[in-house]
Amino acid sequence: MSPMISIDNVSKWYGDFQVLTDCTTAVAKGEVVVVCGPSGSGKSTLIKCVNALEPFQKGSIIVDGISVGDPKTDLPKLRSRVGMVFQHFELFPHLSITDNLTIAQVKVLGRQPDEARDKGLKLLDRVGLAAHAAKYPGQLSGGQQQRVAIARALAMDPIAMLFDEPTSALDPEMINEVLDVMTQLAHEGMTMMCVTHEMGFARRVADRVIFMDRGMIIEDCAKDDFFGSPRSERAQQFLSKILQH
Amino acid sequence: MNYHWDWAVFFKSTGIGDEIYLDWFVAGLGWTVAVALVAWCIALALGAVLGVMRTLPNKALSGVATAYVELFRNVPLLVQLFVWYFLVPDLLPERAQVWFKQELNPTTSAYLSVVACLAFFTAARVCEQVRTGIQALPRGQTMAAMAMGFSLPQVYRHVLLPQAFRIIIPPLTSEFLNIFKNSSVASLIGLMELLAQTKQTAEFSANLFEAFTLATLIYFVLNMSLMKGMGWLEKRVAVPGLIGSGGK
């Protein structure tokens, strides 16, 4: 079976500066892959290449059989099928929580407002925030906003979810409520690619771990292998530093 | 100073028909409002389009908008008015020239010139405010909207512009007030708006101080009301947690 996301020899430059170098990996349907590495290693850039929020100059990325780099690809349509969650939530602050959950369903997928509302509220309930439907994002805590952002992405019935450091901007006591939602999602069989520093989450939930440094994929292996016996010295250093806490 | 004060002058006959001086002020205020409101609507629409153009990735479109702003922002308003009134009509096709110069009554042609002048001048300033409003938003907003499958026009329509316009209501209020104040240049091409009527009253009645005091009061009250109105609008569209409405 061909993978849901396949990244093949992808390189990317900002001017002369190379941010990604020959990155190759794949995410199978239902697989949870955690991407980690020091800051500036290119992990966020790589994940943004998957739904073409960042262009890349070399290589190819195929999502569910569709080539992301092909100029003929209908990018809005492709993106509407891939959910994405951002570090800073990026809810639309001028819209109520309900409208945040429904606007893309209605404007992009063409669903009826009633249908979109039912779907949005059901998902809001699932992330434990049904009582906040009428509020605005600015009235919610960071953790709550991020859970809404996950619900908003799920409302589009995505074939895969991308998480770009979803807990990095959160106060420590709010991290778990977001990770719990992500864990639940993983157990339901969602295909997930998560850039995160949460090694506890990786240990519990990931199938595979990718370690990046300076734009290159240094390790790409099963979770147990990564935590048990990372082959590269760089990954060993990274783990020893991050796991001390 | 040997000046004969007479605050009752506004209720005295002008000597033309049965008009009193106050009628002139009312008529003048009417023209001032007619010029400013129509020019403002055009300026707002054109300025919004130009402001969006300046933020687009397309170099040609943003270049056109930038050139527009530089041209209209760096030439004095009065020069622009004279260009619209004295020069532009000569550049029209012959049929339109005849229409503008001969068939149209002089008041209408002056009105059209001053509306065009203020609309295009103010559009450049509105453009800059719309641009800064859009650029003040976090880049992640565009990314998030794109990631959900919005097309670029949808990103602007549903995500960027509703937020940008809320942010720029205070500076837009200034522009809105400016267009009323700037409309007084129309007096220089013979449109009998508020300032022209004031000058005429001063000349006819010799009650210069009274005439200009009333004009000052009218401009002041008009602009204060507009400011209050915009303040009400700002509160009306405020969203909890968004810039300008307190909180984060």
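**Terms and their grounds**

Tutor: Chain B has 10 helices and 0 strands, where helices (H or I, at least four residues) and strands (E, at least two) are DSSP runs numbered from the N terminus. The model is predicted, so local features need pLDDT of at least 70 and side-chain atom pairs count only at pLDDT 80 or more, whereas totals for chains, interfaces and linings use all residues. Residues are numbered from 1 along each chain as its sequence is written, chains are lettered from A and ligands numbered from 1 in the order in which they are written, and side-chain values use heavy atoms, with hydrogens and water left out.

Student: What pattern does chain B follow along the sequence, and what box do its C-alpha atoms fill?

Tutor: The pattern of chain B is α-α-α-α-α-α-α-α-α-α. Taken along the principal axes, the box filled by the C-alpha atoms of chain B is roughly 70 × 50 × 30 Å.

Student: Why is His132(A) called buried?

Tutor: Buried means under 20% relative accessible area, exposed over 50%, and partly exposed in between (1.4 Å probe, protein chains only). His132(A) has a relative accessible area of 16%, and therefore counts as buried. This residue is placed in the loop between α4 (113-126) and α5 (142-154) of chain A. Not counting residues up to four places away in sequence, His132(A) touches Ile97(A), Leu140(A) and Gln144(A), a contact being heavy atoms within 4.5 Å.

Student: What makes Asp16(A) exposed?

Tutor: Its relative accessibility is 79%, so Asp16(A) counts as exposed. Asp16(A) is found in the loop between β1 (5-14) and β2 (17-27) of chain A.

Student: Why is Leu37(B) called partly exposed?

Tutor: Leu37(B) has 38% relative accessibility and therefore counts as partly exposed. Leu37(B) belongs to helix α1 (residues 21-55) of chain B. Leaving aside neighbours within four places in sequence, Leu37(B) is in contact with Phe176(B) and Phe180(B). The C-alpha atoms of Leu37(B) and Leu87(B) are separated by 24 Å, at 50 residues apart along the chain.

Student: Which residues make the nonpolar surface patch, and why does Phe82(B) count as partly exposed?

Tutor: Leu78(B), Val79(B), Phe82(B), Val83(B), Phe86(B), Leu87(B) and Leu188(B) make a nonpolar surface patch of about 570 Å². Like charges are joined within 9 Å and nonpolar side chains (Val, Leu, Ile, Met, Phe, Trp, Tyr) within 5 Å. Phe82(B), at 31% relative accessibility, therefore counts as partly exposed. Phe82(B) lies in helix α3 (residues 77-91) of chain B.

Student: Which residues have a positive phi although they are not glycine, and why are they called buried?

Tutor: Ala52(A) has a positive phi of about 60 degrees, and Phe89(A) has one of about 65 degrees. Ala52(A) counts as buried because its relative accessible area is 15%; Phe89(A) counts as buried because its relative accessibility is 8%. Ala52(A) sits in the loop between α1 (43-50) and β4 (58-63) of chain A, and Phe89(A) in the loop between β6 (82-85) and α3 (97-107) of chain A.

Student: How many residues of chain B are in contact with chain A, and what area is buried between the chains?

Tutor: Chain B contributes 23 residues in contact with 26 residues of chain A. About 2,000 Å² is buried between them, 69% of it from carbon and sulfur atoms; buried area is the accessible area (1.4 Å probe) that two parts lose on being put together, summed over both. In chain B, Met143(B), Ala147(B) and Met148(B) lose the most area to chain A, together 29% of what that side buries.

Student: How many salt bridges does the rule find across this interface?

Tutor: The rule finds 0 salt bridges between chain B and chain A.

Terms used:
Patches are made of residues with over 30% relative accessible area and no salt bridge: like charges are joined within 9 Å, nonpolar side chains (Val, Leu, Ile, Met, Phe, Trp, Tyr) within 5 Å. Accessible areas come from the Shrake-Rupley method with a 1.4 Å probe; for residues, only the protein chains shown count as cover. A salt bridge is a side-chain nitrogen of Lys or Arg within 4 Å of a carboxyl oxygen of Asp or Glu.
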